[in-house]
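These are my notes from going through a single model, one topic at a time. I wrote down what I looked up and what I found.

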Amino acid sequence: MERYDGCSVGEVLDGIEASLRRQRDAKLDEWAGIVAWADANVVDAPEDAATIWDGIVDTAVPIAGPGAPLVSEFKLMELIAVLGRSHDSGRLYVGRILEVTWRLPEVFTAVIEGRCEVWRALRLADLTLGLPEEATDFIDRQLGPVVSTCTWAQIERLVAEAAPVVEVRGAPAPSLETPGPGGPTPVVEVRGAPAPSLETSGPSER
């Protein structure tokens with residue numbers, strides 16, 4: 001508390017801002033360490049892979065979705081101990097980081113560049129974990145450039161609609177544009193074509 005004795009309000013605010021930057025840098029450094037750990041502890045056999053637990057029941061579901069590396073269950077216990085987390089929260093936390101890094105690379109880039117808060121990216125990972133790769137690719141392309149400006153309701157709506165879109169050719173693609181009086185503008189997702197924008201502006205260019 002003595003650090004701010006005699007400081008002006010502006011100096012106190014500057015100190016808080018600097019502290020928050022250090023916390024963010026530390027969190028990103030921890031993230032980078034977990035990614036390096038994952039690279040060094042990949043396993044080939046599914047039975048050796050770390051999985052999600054539901055209480056005392058092993059669900060046999062990997063801690064991150066398809067496309068993310070399978071990591072050693074045994075080695076995960078060591079990492080969780082270093083992180084100071086419980087058995088359940090530790091594996092969920094590591095799984096979220098793998099999910100974002102490998103399955104949502106555009107969102108991961110936004111995190112590294114400071115355009116997306118760490119908590120927001122990890123919360124998104126909770127929504128995408130059970131989705132197929134095509135769905136997460138679609139979500140990542142849409143959210144990567146604008147993830148920090150979307151409301152959480154918009155993100156949830158896109159995730160909820162993504163799986164049907166990628167499963168059915170020509171199905172209406174989700175859009176975060178607010179429907180006008182005549183209803184939403186139909187957008188069709190064609191595989192290999194540019195995906196619809198999540199910008200909240202109207203159809204005309206800005």
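How many helices and strands does the protein chain have? I looked this up before anything else, keeping in mind that the model is predicted, and I found seven helices and two strands. Reading from the N terminus on, I noted the order of the elements as α-β-β-α-α-α-α-α-α.

**Chain as a whole.** I then turned to burial and found that 37% of the 206 residues of the protein chain count as buried. For the surface I noted that the chain exposes about 11,800 Å², and that carbon and sulfur atoms supply 57% of this area. Among the contacts with a separation of 6 or more, I found that 62% are between residues 24 or more positions apart.

**Salt bridges.** My search for charged pairs gave a count of eight salt bridges, and I went through several of them with their surroundings. One of them joins the side chains of aspartate 126 and arginine 96, with 2.6 Å from N to O. I noted that this pair links distant parts of the chain, since aspartate 126 belongs to helix H5 (residues 118-128) and arginine 96 to helix H3 (residues 87-103), 30 residues apart.

Because they are four residues apart in helix H3, about one helical turn separates glutamate 99 from arginine 103. I checked accessibility here too: glutamate 99 counts as buried at 0%, and arginine 103 is buried with a relative accessible area of 3%.

I also recorded the salt bridge in which the side chains of glutamate 113 and arginine 115 meet, at 2.9 Å from N to O. In this pair glutamate 113 counts as exposed, at 53% relative accessibility, whereas arginine 115 counts as partly exposed, at 32%.

**Cysteines.** How many disulfides does a search of the whole structure find? I found zero. Cysteine 150 is in no disulfide, and I noted that its nearest cysteine sulfur, that of cysteine 116, is 10.0 Å away; a disulfide would need the two sulfur atoms within 2.5 Å. I recorded cysteine 150 as buried, with a relative accessible area of 5%, while cysteine 7 counts as partly exposed at 31% relative accessibility.

**Aspartate 88.** My last entry returns to helix H3, where aspartate 88 is found. I noted this residue as partly exposed, with a relative accessible area of 34%. Which residues does aspartate 88 touch, not counting residues up to four places away in sequence? I found Trp53 and Gly55. I also looked up the separation of the C-alpha atoms of aspartate 88 and isoleucine 56, which is 9.8 Å for two residues 32 residues apart along the chain.

Technical notes. Residues are numbered from 1 along each chain as its sequence is written. This is a predicted model: local features need pLDDT of at least 70, side-chain atom pairs count only at pLDDT 80 or more; totals for chains, interfaces and linings use all residues. Side-chain values use heavy atoms; hydrogens and water are left out. A salt bridge is a side-chain nitrogen of Lys or Arg within 4 Å of a carboxyl oxygen of Asp or Glu. Buried means under 20% relative accessible area, exposed over 50%, partly exposed in between (1.4 Å probe, protein chains only). Contact means heavy atoms within 4.5 Å. Accessible areas come from the Shrake-Rupley method with a 1.4 Å probe; for residues, only the protein chains shown count as cover.
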